[in-house]
Amino acid sequence: MAKRVAPHVGRPLLGLLFRTKMRSLRNRIHQTIDQGPLRVMATSALMLVVWLGLYLLFHLTFQQLRRTPLQATVAIPLVFNFFFVVMLMLLTFSNAIIAYGSLFGKDESAYLLSSPVPPKDFVTLKYFESLLLASWSLILLGIPLMLAMADMAEDSVFYILFLAFFLAFIPIPGALGLFLAWAAARFFPRRIARTGAAACGLVIAFLLLWGLQSLRFGGAETEAWLRSFYSRMSIIEAALLPNNWVATGIDHALNGNFSEALLYLGVTAANALFLSWLAVMIVSRWFDVALNRAATGRGTGKRSAAPASGGAAGLIFAYLPLPLRLVAAKDLRTFLRDPMQWSQLLILFALLGLYLANMPSLRTQLGDSGGWSLVIPFLNLCTLSLILATFTCRFVFPLVSLEGQKLWVIGLLPARLSEILLAKFAFAMTVTLFGAVGAMIVAAIMLELDLVWTVIHLMVTISICVALCGCAVGIGARVPMFHEPKIARIANGFGGTINLLASLALVSLVLVAMGYATLRSRDLRIGDVPDILTLLVCLAAVAIGVGGGVFAMRIGAKHFDKIEV
Amino acid sequence: MNVLEDSAVTLLGITKCYGRTVAVDDLSLSVRSGELFAFLGPNGAGKTTTIKLITGLLRPDRGDIQVCGHHIGSNGVAAKAKLAYVPDQPFLYEKLTGREFLYFVAELYGIENRRRDEVLEGLIARLAIGDFLDHLTESYSHGMKQKVVLAAALLHDPTVLVIDEPMVGLDPRTIRAVKDLFVEHTQRGRTIFMSTHTLDIAEAVADRIGIIHHGKLIAIGTLSELRALARHEQSLEEIFLQLTEESDG
């Protein structure tokens with residue numbers, strides 16, 4: 001055995017921990033490139049397309065604003081403020097969720113905390129980890145925004161400054177998130193799921209109320225509405241909010257006032273460093289208390305068992321034969337017991353609800369023009385499709401792969417393996433239809449849409465649900481990752497990428513057909529019945545969606561039947 | 001010598017609750033230096049909770065714990081420097097190779113590179129881990145992971161080795177090698193605190209055995225002392241069943 005070396009008790013081990021993480025990352029990158037160069041290229045290309053798309057969108061927006069210098073002077077700082085305040089909230093929650101999982105929920109924590117790693121080093125490592133994992137969205141969204149903005153800048157120094165502002169800003173939500181994660185474990189360990197759900201609910205309710213108040217249309221008095229809107233938005237320009245330091249600093253940099261910009265950069269960086277130091281100090285000082293509370297303070301998770309028929313969840317799937325009903329009911333119950341899943345869907349639909357609730361009545365805004373009144377339902381369809389695609393790619397696609405470790409259970413059911421896919425499909429359709437059809441009916445009522453077009457839009461909505469659920473379940477069965485227990489990794493894997501591309505392609509076809517039908521009907525007046533060709537195009541859109549979904553299911557079922565359990 | 005001075009692990013009146021459930025109830029025991037202590041109990045008896053308390057992953061609601069004379073609560077880092085913990089689910093960084101993980105552990109405990117290589121050579125041979133040590137650990141079976149984790153735990157020659165179910169997933173040859181390593185470890189004056197359901201292993205290598213049931217220590221002693229307590233010349237399995245049933249009664 002090793003000669004007894006005096007353990008350097010309390011020596012800093014942060015460097016070693018970072019080096020180990022970097023080595024782990026290096027191995028991961030090598031492995032990814034070796035195993036799937038095509039996938040890396042496809043992902044990079046897709047990322048580039050997203051970046052370019054965002055850049056063009058922001059570039060056109062700013063160009064439009066520049067045409068009216070007076071409005072640009074007022075609007076651009078507001079855009080920045082709004083962007084960074086949203087980022088502040090999103091990143092704080094994102095950091096809190098990631099930090100909670102990595103501080104209190106992983107085997108790595110138990111391993112490192114039973115070794116002589118000082119708590120401060122452990123907490124610092126986890127702080128940086130959550131910072132990196134949570135902040136990629138800011139980089140994805142922010143860099144195209146800033147590049148588009150840089151086109152308006154008078155000096156190339158702006159490029160360096162905007163990067164510095166980003167780096168200075170990111171630690172602020174990171175520190176707040178770390179502190180929130182620690183506080184959740186320390187003070188609410190028994191109610192962590194309920195607390196998280198309540199926090200999400202409160203934020204959504206606040207956004208809904210505030211958004212409704214801020215965005216409410218004031219009839220034709222657009223100037224009054226704009227004044228009211230700016231007045232309400234001034235709350236996010238409070239001097240003590242970090243988003244204001246960044247937004248003001250970037251605005252100064254944009255206009256060539258570099259000394260002012262550097263002052264705000266200094267304020268942001270100093271506060272970020274102080275908050276980071278404070279959060280790491282507080283969390284590491286009382287980390288053992290929070291860890292103990294997180295490990296022992298949770299509820300037992302005891303729940304009454306559902307009856308053999310599947311209970312209330314089983315009733316929803318009463319049309320399925322018993323073994324499949326149980327599988328679908330199990331998936332629904334798992335979904336409802338996982339706040340990470342339903343809260344994301346809730347947030348997406350709440351945002352959609354906010355949008356729907358603010359739609360002006362077309363009869364008053366657009367007069368008697370029936371054709372134009374179809375454009376907004378068409379845009380609703382596009383928005384809804386994106387929301388549904390997000391859900392099916394993120395949560396429905398991994399369903400089959402997640403059965404990997406338990407395939408022996410469902411493999412022994414008195415049903416063909418491919419029939420199990422029907423249960424997964426039924427579950428996915430139930431969840432998506434519940435939200436999508438509901439949202440479309442609300443939209444149709446608010447827009448006072450004709451009955452014919454209401455029926456058409458509902459049929460297309462259902463066909464989009466079939467397309468997306470069919471793709472997610474079918475491709476999930478064709479390219480499963482049975483050895484991967486993590487939902488995120490399954491969704492981001494090779495099969496997940498194929499599913500994302502296939503879903504987008506299929507939905508795009510449906511939407512192009514519907515776009516054409518909408519275009520053909522632009523001269524219709526309210527109450528007019530569309531011509532036969534338009535109706536045929538709509539039917540073709542429905543057929544494309546349903547046909548695509550069924551085709552994907554068939555491919556998945558054919559492969560799934562051959563899988564050895 | 002004073003009992004406490006000779007004690008590597010000391011638990012004094014430890015109580016730990018999960019909500020309303022009492023997992024460990026007023027537990028006191030002392031494990032001496034150079035002793036292999038086997039901690040037995042039915043599922044949910046409080047074995048893993050006790051181990052997590054000893055390693056500082058949990059804090060007792062009442063009582064005091066010392067490892068090598070250091071209070072685990074107030075002087076945790078010093079206590080942990082003398083400790084190695086092998087959990088029931090072996091942890092390895094999945095994107096590191098086994099060798100990279102072992103180098104990480106060596107550096108964590110401040111072992112010089114030359115010394116590390118010497119020790120590793122012996123452990124690689126005895127645990128037969130050389131064939132896969134340069135592969136990413138994500139490709140390992142449970143048994144392979146367990147072997148690497150055991151090597152990592154023994155690498156820094158810990159004064160106290162706390163181990164939860166050490167033999168799960170190991171093949172018979174490795175079980176034999178691990179038993180020999182444990183005996184050699186204690187012969188050098190080191191202490192092993194082992195929780196297990198494999199009673200024949202406890203019977204073969206343990207110096208003393210403690211049986212916990214419903215969070216209470218219901219019996220402690222050498223195998224012969226336990227036989228006397230059970231009033232029969234029986235195997236450890238029969239003694240265990242009898243004592244836990246009596247405790248239920």
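## Chain A: burial and fold

Of the 565 residues in chain A of this predicted model, 38% are buried. The secondary structure of chain A consists of 24 helices and zero strands. Among its contacts with a separation of 6 or more, 82% link residues 24 or more positions apart.

Leaving out residues up to four places away in sequence, A:Arg478 touches A:Ile555, A:Gly556 and A:His559.

## Confidence

Chain A has a mean pLDDT of 80, with 79% of its residues at 70 or more. Within chain A, helix α11 (residues 258–285) has the highest confidence, at 93, and helix α16 (residues 362–365) the lowest, at a mean of 52. Over residues 1–7 of chain A, pLDDT stays under 50; for this segment the model has 19 contacts beyond four places in sequence. Where pLDDT is low, predicted coordinates should not be read in detail.

For chain B the average pLDDT is 88, and 96% of the residues score at least 70. The model as a whole scores ipTM 0.87 and pTM 0.75.

## Chain B: overall form

Chain B contains nine helices and ten strands. Its radius of gyration is 18 Å, close to the 18 Å that the globule rule gives for 249 residues, so chain B is as compact as a globular protein of that length. Along the principal axes, its C-alpha atoms fill a box of roughly 55 × 40 × 40 Å.

Buried residues account for 49% of the 249 residues of chain B. Of the contacts in chain B between residues at least 6 apart in sequence, 70% join residues at least 24 apart.

Strand β3 (residues 36–40) of chain B is largely enclosed by the rest of the structure, because five of its five residues are buried. B:Leu36, B:Ala38 and B:Leu40 point one way from β3(B), while B:Phe37 and B:Phe39 point the other way.

β3(B) runs parallel to strand β8 (residues 191–195) of chain B, to which four bridges join it. In this pairing, B:Phe37 stands opposite B:Phe193. Four bridges also join β3(B) to strand β9 (residues 208–213) of chain B, again in parallel, and here B:Ala38 faces B:Ile209.

## The antiparallel sheet of chain B

Another set of strands in chain B forms an open, antiparallel sheet of four, in the order β2-β1-β4-β5. The edges are held by β2 (21–32) and β5 (70–71) of chain B; each has a single partner strand, so one side of each is left without a neighbour in the sheet. Strand β4 (residues 62–67) of chain B pairs with β5(B) over two bridges in the antiparallel sense, with B:Gln66 opposite B:His71.

## Nonpolar cores

The largest nonpolar core comprises 143 residues, and those with the most contacts inside it are A:Ala181, B:Ala151, B:Leu155 and B:Phe193. Helix α3 (residues 69–104) of chain A gives the largest share of this core, 15 residues. Another core, of 75 residues, lies apart from it and includes A:Leu381, A:Leu417, A:Ala428 and A:Met481.

Apart from neighbours within four places in sequence, B:Phe193 is in contact with B:Val9, B:Val31, B:Phe37, B:Phe39, B:Ile54, B:Val160 and B:Val162. Two of these, B:Phe37 and B:Phe39, are the residues that point the other way from β3(B).

## The interface between the chains

At the interface, 35 residues of chain B are in contact with 31 residues of chain A. On the chain B side, the elements that give two or more residues are α2 (76–81), β6 (83–86), α3 (98–108), α4 (113–127) and α5 (142–155) of chain B. The residues of that side divide into 20 nonpolar, six polar and nine charged.

Definitions and conventions: Residues numbered from 1 in each chain as written. Chains lettered and ligands numbered in written order. Predicted model: local features only at pLDDT ≥ 70, side-chain atom pairs only at ≥ 80, totals over all residues. Contact = placed C-beta atoms within 7 Å. Nonpolar A, V, L, I, M, F, W, Y, C, P; charged D, E, K, R; others polar. Buried ≥ 20, exposed ≤ 12 C-beta atoms within 10 Å, placed from the backbone. Pairing = 2+ DSSP bridges. pLDDT = per-residue confidence, 0-100. Rg over C-alpha atoms; globule rule 2.2 N^0.38 Å. Core = buried A, V, L, I, M, F, W, Y, C linked by C-beta atoms within 7 Å.
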